[in-house]
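Please open the structure in your viewer and keep the selection panel at hand.

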Amino acid sequence: MARNVMKERRNDLYKAILELKDLQECMDFFEDICALTELQSMEQRFEVAHMLNDNKVYTEIMEKTNASTATISRVNRMLHSGTGCLVSVLDRMKEKGNI
């Protein structure tokens, strides 16, 4: 598939996400567009990221989330080598008392 078509498709998805009005609509949107296993994986990775950001150890994260060490390592690598956006969002949520 042409690169610009893929980029346009990607942009359209994220524009749609930005149109969501509230938490319930966001949950409904993702339930409609994702398979249950995809949602569960994203939710698990987010919880792992939150716990890593709070300096929890792998064993505690594994016990609470049932995530594998490979998943925890992957999320940890992303937290340290990714764009930094997830850390910013987690910090913002923490400041607002949302997590």
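This is a predicted model: local features need pLDDT of at least 70, side-chain atom pairs count only at pLDDT 80 or more; totals for chains, interfaces and linings use all residues.

D32 is exposed, because its relative accessible area of 69% lies over the 50% cut-off.

Colour helix 1 by accessibility: the number of buried residues among the 16 is zero, so the helix lies largely in the open.

The remaining stops concern salt bridges, of which a search of the whole structure finds two.

Select E47 and K64, which form a salt bridge with their closest N and O atoms 3.0 Å apart. The pair connects distant parts of the chain, 17 residues apart: E47 belongs to helix 3 (residues 36–53) and K64 to helix 4 (residues 58–65). E47 counts as partly exposed at 27% relative accessibility, while K64, at 56%, counts as exposed.

Finally, select D54 and K94, whose side chains meet in a salt bridge with an N to O distance of 2.6 Å. D54 lies in the loop between helix 3 and helix 4 and K94 in helix 6 (residues 85–96), so this pair ties together parts that are 40 residues apart in sequence. D54 is partly exposed, with a relative accessible area of 30%; K94 also counts as partly exposed, at 37% relative accessibility.

Conventions. Residues are numbered from 1 along each chain as its sequence is written. Side-chain values use heavy atoms; hydrogens and water are left out. Buried means under 20% relative accessible area, exposed over 50%, partly exposed in between (1.4 Å probe, protein chains only). Helices (H or I, at least four residues) and strands (E, at least two) are DSSP runs, numbered from the N terminus. A salt bridge is a side-chain nitrogen of Lys or Arg within 4 Å of a carboxyl oxygen of Asp or Glu.
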